[in-house]
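Have the viewer open while you read.

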Amino acid sequence: MAGPISMETGTARPPERPMRADARRNHERLVGVARTAFAEHGTDASLEDIARRAGLGIGTLYRHFPNRHALMNAVFQDALCSLLDRSRELAGAEAPCRALVDWLGAIVTHAGEYRGLARALMSASQDETSALTQCHLPLREAGAGLLRRAQESGSVRGDVSIDDLLQLTNAIALAAEQSPDDPELAERLLRLTLRGLK
């Protein structure tokens, strides 16, 4: 029997084989250590150090995660689920524009937890081959629904695109990352964004 259909190519993909127990443990260990390393040192933390701290060789890391973006994608799956859940919660909010900006604020907060994440997400939005695109596309779809609702209510201009908003959101997170002595910067920039949307 053929595997699931790829949305990108329309062709059947072979079914993914379940991981052996030891491989699954290694995968989980690498993700846990990477999450800590990214929080401590930013997303450009040494992959060799991550493998060593996990008690594994760099080859094992690369077997599980062929590049840095693939590891980042695995680390950020929990946060992605949380952001998608938040978009569903806000989908029926009485003030659609406020709901959209609240959701964008949640993205800024998440990106701010890991130095370098905002920059990586900005580059991934332009690179369909990046493993981080697996994070970007669901966020884009969730944000597009919130934006559409805000536009239909007349509270957001019709010429605003979700791609521009996500880039702007990542730029706000990057600006806040570069200005750690100004903890209110991201909120001020989001308020300016809200004014510009109307």
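For residue classes, Ala, Val, Leu, Ile, Met, Phe, Trp, Tyr, Cys and Pro count as nonpolar, Asp, Glu, Lys and Arg as charged, and the others, Gly among them, as polar. By that scheme, the lining of the largest cavity has eight nonpolar, one polar and no charged residues.

Before going further: this is a predicted model, where local features need pLDDT of at least 70, side-chain atom pairs count only at pLDDT 80 or more, and totals for chains, interfaces and linings use all residues. Numbering runs from 1 along each chain as its sequence is written, and side-chain values use heavy atoms, with hydrogens and water left out.

A cavity here is a set of points on a 1 Å grid over the protein atoms alone where a 1.4 Å probe fits but cannot get out, and lining residues have an atom within 4 Å of a point. Points join across faces, edges and corners, and a volume is the space filled by probe spheres set on them. The structure holds two cavities of 30 Å³ or more.

| Cavity | Volume | Lining residues |
|---|---|---|
| Largest | about 70 Å³ | Phe76, Ala79, Leu80, Leu83, His110, Leu117, Leu121, Cys135, Leu139 |

Which helices each supply at least two residues of the largest cavity's lining? They are H5 (77-90), H7 (117-124) and H8 (133-152), helices being DSSP runs of H or I with at least four residues, numbered from the N terminus. H5 gives the largest share, three residues. For the second largest cavity, H8 and helix H9 (162-178) each supply at least two lining residues, and the lining has four nonpolar, two polar and no charged residues.

H5 and H8 also pack against each other, at an angle of about 10° with axes 10 Å apart; axes are lines fitted to C-alpha atoms over the stretch in contact, and angles run from 0 to 180 degrees between N-to-C directions. The two helices are therefore roughly parallel, the term for angles under 35 degrees.

Key
1 Å grid on protein atoms, 1.4 Å probe; cavity = no way out; pocket = protein on both sides within 12 Å on 5 of 7 lines; lining within 4 Å. Parallel < 35°, antiparallel > 145°, perpendicular 65-115°, else oblique.
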